[in-house]
Amino acid sequence: MSKPEILTASPLSPLYMAHLKEAYVVHERLHDTDPAAFAQAAPRIRAIAASGESKVPRELIASLPALEMISVFGVGYDGVDVAAAQERKIPVSHTPDVLNDEVADLAIALMLAVARRIPQADQYVRGGRWPGGPMPLATRVSGARLGIVGLGRIGQAIAKRAQAFGMAIAYTSRTEKAASGLRYFPNAEALAAESDFLVLITPGGAGTRKLVNAQVLKALGPQGYLVNVARGSVVDEAALIEALQGGMIAGAGLDVFENEPNVPEALRNMDNVVLTPHIGSATKQTRQAMADLAAGNLANHFAGKPLLSPVPECR
Ligand code: NAP
Ligand code: 8YV
């Protein structure tokens with residue numbers, strides 16, 4: 001039997017690609033790279049393989065008459081027009097849970113790195129400055145007040161870790177989670193006003209766009225730190241730069257940005273930020289688990305079995 005034909009929506013992890021190349025005829029980003037070849041292949045393309053950062057807009061879905069399924073390598077699927085897929089009863093899957101620990105670890109790492117100035121301390125030693133005297137003192141994390149914006153799968157994993165640091169943990173989310181036993185705030189501004197560290201871990205997309213704006217940053221205050229492991233779109237990046245430059249907040253640890261992989265020069269030049277290139281889930285172990293799950297969803301679809309992890313809208 002001939003292999004099903006699929007399209008990759010953006011550059012994908014080699015671990016996911018290895019699965020795809022074994023089981024399918026893979027058209028790698030033809031819609032972006034070769035419109036004529038794409039037009040030829042489009043009527044035969046039965047699935048799209050995407051990542052958390054991929055864009056799968058309505059127009060792309062509409063250009064694929066045989067499309068049956070979209071499998072995202074990542075838990076976030078804000079780049080996929082799920083409503084357009086649903087109109088054609090095309091299921092979308094993602095990779096929840098398998099990356100919770102990894103992303104939570106990075107959130108804690110960024111919090112520690114920015115407060116304890118770990119990158120600067122490393123540079124201090126490497127630069128031979130230690131013999132000249134000690135580094136300036138840093139900020140304590142243990143026992144501080146942590147505000148989590150988005151107490152979902154990953155947010156809860158962050159809270160669990162923060163408990164071991166003796167932090168006073170509060171959160172905001174669309175709905176209150178009474179079972180968490182944590183203090184709930186109705187919005188990010190109220191939470192920020194009561195936090196030393198504000199960690200963002202909501203989905204991206206229209207519902208959270210610029211949720212953290214100048215007002216929220218003002219509420220966080222000059223002693224407060226922002227950590228973003230959610231999506232760049234959740235923060236008003238221009239307002240963040242202004243707040244950092246003006247000392248309106250103390251610092252930021254950022255894994256995600258408005259226009260990845262481009263990071264504003266202003267942020268790159270600042271001493272009170274720690275920047276990582278969207279590596280929340282980027283360990284060999286977790287990326288393998290994500291690749292297996294994303295490929296497992298496709299395999300189940302083509303075997304006529306239920307998807308392993310459809311997005312909530314498609315359950
Ligand atoms: P999840 O279980 O769906 O949790 C999302 C949480 O965000 C929920 O508590 C939800 O509230 C809350 N939320 C949604 N919209 C909100 C709003 N407008 N205001 C306040 N809270 C809101 O998702 P997850 O698995 O934890 O993943 C969260 C996100 O992390 C992903 O969607 C992705 O964007 C990001 N992520 C980043 C990386 C990285 O590499 N940096 C890796 C993985 C994931 P309710 O529970 O009340 O609905
Ligand atoms: C990945 C992510 O970086 O899961 C997500 O939503 O943002 C990350 O795990 C991404 O999906 C892989 O490219």
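The protein chain holds 13 helices and 12 strands. These are DSSP runs, numbered from the N terminus: helices are H or I with at least four residues, strands are E with at least two. The radius of gyration is 21 Å, close to the 20 Å that the globule rule gives for 315 residues, so the chain is as compact as a globular protein of that length. That radius is taken over C-alpha atoms, and the rule is 2.2 Å times the number of residues to the power 0.38. Along the principal axes, the C-alpha atoms fill a box of roughly 70 × 50 × 30 Å.

The model is predicted: local features need pLDDT of at least 70, side-chain atom pairs count only at pLDDT 80 or more, and totals for chains, interfaces and linings use all residues. Residues are numbered from 1 along each chain as its sequence is written, chains are lettered from A and ligands numbered from 1 in the order in which they are written, and side-chain values use heavy atoms, with hydrogens and water left out.

**Ligand sites**

Ligand 1 is surrounded by 27 residues, the closest being Arg153, Arg174, Thr175, Lys177 and Asp255. A residue counts as near if one of its heavy atoms lies within 4 Å. The shell of ligand 1 splits into 10 nonpolar, 12 polar and 5 charged residues.

Ligand 2 has 13 residues around it; Glu53, Val75, Arg231, His278 and Ser281 come nearest. Its shell divides into 4 nonpolar, 6 polar and 3 charged residues.

A polar contact is a pair of N or O atoms within 3.5 Å.

| Residue | Part of residue | Ligand | Distance |
|---|---|---|---|
| Arg153 | side chain | ligand 1 | 2.9 Å |
| Ile154 | backbone | ligand 1 | 2.9 Å |
| Thr175 | side chain | ligand 1 | 2.6 Å |
| Glu53 | side chain | ligand 2 | 2.6 Å |
| Phe73 | backbone | ligand 2 | 2.9 Å |
| Gly76 | backbone | ligand 2 | 2.8 Å |

Taken alone, ligand 1 exposes 940 Å², and the protein buries 87% of that. Ligand 2 has 330 Å² of accessible area on its own, of which the protein covers 91%. Both areas come from the Shrake-Rupley method with a 1.4 Å probe.

**Pocket and cavity**

The second largest pocket has a volume of about 430 Å³. Its lining has 17 residues, with Glu53, Lys55, Asp78, Glu258 and Glu260 nearest its centre. By class, that lining has 2 nonpolar, 8 polar and 7 charged residues. Glu53 also has the side-chain contact to ligand 2.

The search of the whole structure finds 1 cavity of 30 Å³ or more. The largest cavity has a volume of about 50 Å³. Its lining residues are Asn228, Gly232, Val235, Glu237, Leu240, Leu254, Val256, Phe257 and Leu267. They divide into 6 nonpolar, 2 polar and 1 charged.

Both terms use a 1 Å grid over the protein atoms alone: a cavity is a set of points where a 1.4 Å probe fits but cannot get out, a pocket is an open set with protein on both sides within 12 Å along at least five of seven lines, and lining residues have an atom within 4 Å of a point. Points are joined across faces, edges and corners, and a volume is the space filled by probe spheres set on them.

**Backbone exceptions**

Most residues other than glycine have a negative phi, and most peptide bonds are trans. The bond from Glu260 to Pro261 is cis, with omega near 5 degrees. Pro261 sits in the loop between strand 11 (251–254) and helix 12 (265–268). Lys89 has a positive phi, near 60 degrees. Lys89 lies in the loop between helix 5 (82–87) and strand 5 (92–93).

Conventions
A polar contact is a pair of N or O atoms within 3.5 Å; within protein, one must be able to donate a hydrogen and the other to accept it, and residues adjacent in sequence count only if both atoms are side-chain atoms. Ala, Val, Leu, Ile, Met, Phe, Trp, Tyr, Cys and Pro count as nonpolar, Asp, Glu, Lys and Arg as charged, and the others, Gly among them, as polar.
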